[in-house]
Amino acid sequence: MIQSILDAISLGGLYSLAALGLGLVFGVMRLVNFAHGELITIAAYTLVLTTQFPLLLSLVLTIFVTALVALIMEFAIYRRLRGVSPAIMLVASFGLSTVLQRVYEFTFGALPKSAVVAPSLSGVVKFAGLSITISSVLTIILAVVILLAMGYLVERTSLGLQLRAASADFRTARLLGVRSNRLITAAFVLSGVLASFVAFILVIQNPVVNPYYGLNITILALVGIVIGGISSLRGAALGGFIVGVILSGLNTLLGNGRVYSYTWLFITVLIILLVRPGGLLSKGSELERV
Amino acid sequence: MNKKAFQADQVSKSFGALRVLDNVSITINPGEVVGLLGPNGAGKSTFINILAGYERQDGGTVTIDGHPLDGLSPSARAKLGVARTFQSGRLFSKLTVAENVALGAIGLGNSAKVAKERTQSILEILGIEKLSPYQAESISHGNARLVGLARAVAAHPEYLIMDEPAAGLNEDEAPRLIHALESVTKNIGCGMLLVEHNVKLVTDACSRVIVLATGTLIFDGDPHEALKHEEVKSAYLGNAGVH
């Protein structure tokens, strides 16, 4: 029971980080960056391909590579599409996602890459007569630390204030002189950093990385930011957490019937959206974009 | 040419066949508070949109300190010292009053420390420092107007264009606005252009008034004289000639 609760909280924390990465970019660009999954994938590849290095160095390399790919996405594709409709941006992000999957397949091979990342963190500890996986405890600690750090950045710093203002009303923020391109670049870098930590937690639990590795969690994180409130960073984090907790709870409750977990998850999501169409923390969606 | 002034020289604008502004020239001197009056359709909004960079004029030029502003974006003009407030307020409803005001300074590249100091100072000047921690959506309409003014002033503009600052204010709130404008003039010293329908507010707060009617400047002088001016009275009664 304790392990199930820890699993639910850790999965919630993980999805919360993924949703926050998506929410940061959506906030300043009104772009649902479907290719966020490919940031998680490249981070996972980097982690499993650098296991010969000390863990900290491997993690720093991963953050650097992932943030770089995020910047390339922004400079090569999205910056050139400023001013087009959200539908076109969404299609572009689908296209970019698919292209990157092929690039990963060509670069790393179609067969999965596998290596044990941080083996000391993948075991089980005995505590008060209970067997608890280290990874679930680590995930909770890491998620709490990163969410607190992000909370500080967003709530207490000048960059965070500009991000919140731009998320709420991008046009007015620009009229006040907020440098939109610099802000969007910062959002992409931060989303890359968050994707790196998401990948780190994922590869400890599942070190078999293929070109579609980040796809599943990205779809669920998207669901999270919709139910949390698409124009609110707090809503994105909360929505991601809720999706993770519900999914973990369903997996535990349904046992052998867990194949229906996603069905029940989306039924729950539909009910939430019928009751709160704008999301749990949002008053309504905004169509304004760059 | 006065090198310190904010000037519009022979500004013209048409929308299709409709001539909205016809060679309008004005000068605002440093620290001067000028009212811009005119009936609906006089071209006031188009004129201030051109001054602040939201629309481009067909002819004429806009300068500050002698530097042409033509073709510059609103944010670029803000960096050169021309700020504006909006009739709709455009406050960030979920941000606190202090955060809204700080953004006025941060947007122009000031550090968080400078923004915080300016915010504190301006909220005190306007007498609304107690509102600092409240979310913008929770304050009254009158206070929201003052916060919008504070945010614009936080940029330390040389000239501030205010779009109907008294719109929607009740009888108790309007005098507070006039007092706030006096405080800004006294403490910050920026020149102001007030676009207003409230004639009493303009005569109380402004040292000079400009009146537009059907895109033409018909009066530029003392506010009390404007009220006696035949063409101004005629324009407000809807009998302005077609220019």
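Chain B brings 16 residues into contact with 13 residues of chain A, where contact requires C-beta atoms, placed from the backbone, within 7 Å. This is a predicted model, in which local features need pLDDT of at least 70, side-chain atom pairs count only at pLDDT 80 or more, and totals for chains, interfaces and linings use all residues. Residues are numbered from 1 along each chain as its sequence is written, while chains are lettered from A and ligands numbered from 1 in the order in which they are written.

- On the side of chain B that touches chain A, α2 (74-79) and α3 (97-106) of chain B each supply at least two residues; helices (H or I, at least four residues) and strands (E, at least two) are DSSP runs numbered from the N terminus.
- The largest share of that side, five residues, is provided by α3(B).
- By class, the side of chain B that touches chain A holds nine nonpolar, three polar and four charged residues; Ala, Val, Leu, Ile, Met, Phe, Trp, Tyr, Cys and Pro count as nonpolar, Asp, Glu, Lys and Arg as charged, and the others, Gly among them, as polar.

**Overall form of chain A**

- Chain A contains eleven helices and four strands.
- Its radius of gyration is 19 Å, close to the 19 Å that the globule rule gives for 290 residues, so chain A is as compact as a globular protein of that length; the radius is taken over C-alpha atoms, and the rule is 2.2 Å times the number of residues to the power 0.38.
- Along the principal axes, the C-alpha atoms of chain A fill a box of roughly 60 × 45 × 35 Å.
- Of the 290 residues in chain A, 49% are buried; a residue is buried if 20 or more other C-beta atoms lie within 10 Å of its own, exposed if 12 or fewer, and partly exposed in between, with C-beta atoms placed from the backbone.
- Among contacts in chain A with a separation of 6 or more, 76% are accounted for by residues 24 or more positions apart.

**Overall form of chain B**

- Chain B has nine helices and ten strands.
- The radius of gyration of chain B is 18 Å, close to the 18 Å given by the globule rule for 243 residues, so chain B is as compact as a globular protein of that length.
- A box of roughly 50 × 40 × 30 Å, taken along the principal axes, is filled by the C-alpha atoms of chain B.
- Buried residues make up 47% of the 243 residues of chain B.
- Residues 24 or more positions apart account for 68% of the contacts in chain B with a separation of 6 or more.

**Helices**

- Helix α4 (residues 86-108) of chain A has 23 residues and reaches 32 Å from its first C-alpha to its last, close to the 33 Å expected at 1.5 Å a residue; the expected span is 1.5 Å times one less than the number of residues.
- M89(A), A92(A), S93(A), S97(A), L100(A), Q101(A) and Y104(A) are the buried residues of α4(A), and they pack against α2 (36-49) of chain A.
- In helix α1 (residues 44-52) of chain B, seven of the nine residues are buried, so the helix is largely enclosed by the rest of the structure.
- The buried set in α1(B) consists of K44(B), T46(B), F47(B), I48(B), I50(B), L51(B) and A52(B).

**Sheet of chain B**

- Strands β2-β1-β4-β5 of chain B form, in that order, an open sheet with antiparallel pairing; two strands pair if DSSP finds at least two bridges between them.
- β2 (18-28) and β5 (67-68) of chain B stand at the edges, each with a single partner strand, so one side of each lacks a neighbour in the sheet.
- Seven antiparallel bridges join strand β1 (residues 6-15) of chain B to β2(B), and L18(B) in β2(B) is the bridge partner of F15(B).

**Positive phi in loops of chain B**

- E164(B), a residue other than glycine, has a positive phi near 45° and is found in the loop between β7 (159-163) and α6 (173-187) of chain B.
- E164(B) counts as buried because it has 21 C-beta neighbours inside 10 Å.
- T214(B), also a residue other than glycine, has a positive phi near 40° and lies in the loop between β9 (208-213) and β10 (216-221) of chain B.
- T214(B) has 19 C-beta neighbours inside 10 Å and therefore counts as partly exposed.

**Nonpolar core**

- The largest nonpolar core has 170 residues, of which A44(A), V198(A) and V211(B) touch the most other members; such a core is a set of buried Ala, Val, Leu, Ile, Met, Phe, Trp, Tyr and Cys residues joined through C-beta atoms within 7 Å.
- Helix α8 (residues 180-205) of chain A gives the most to this core, with 16 residues.
- Not counting residues up to four places away in sequence, V198(A) touches L14(A), L17(A), A18(A), I40(A) and I217(A).

How values were computed
Two residues are in contact if their C-beta atoms, placed from the backbone, lie within 7 Å.
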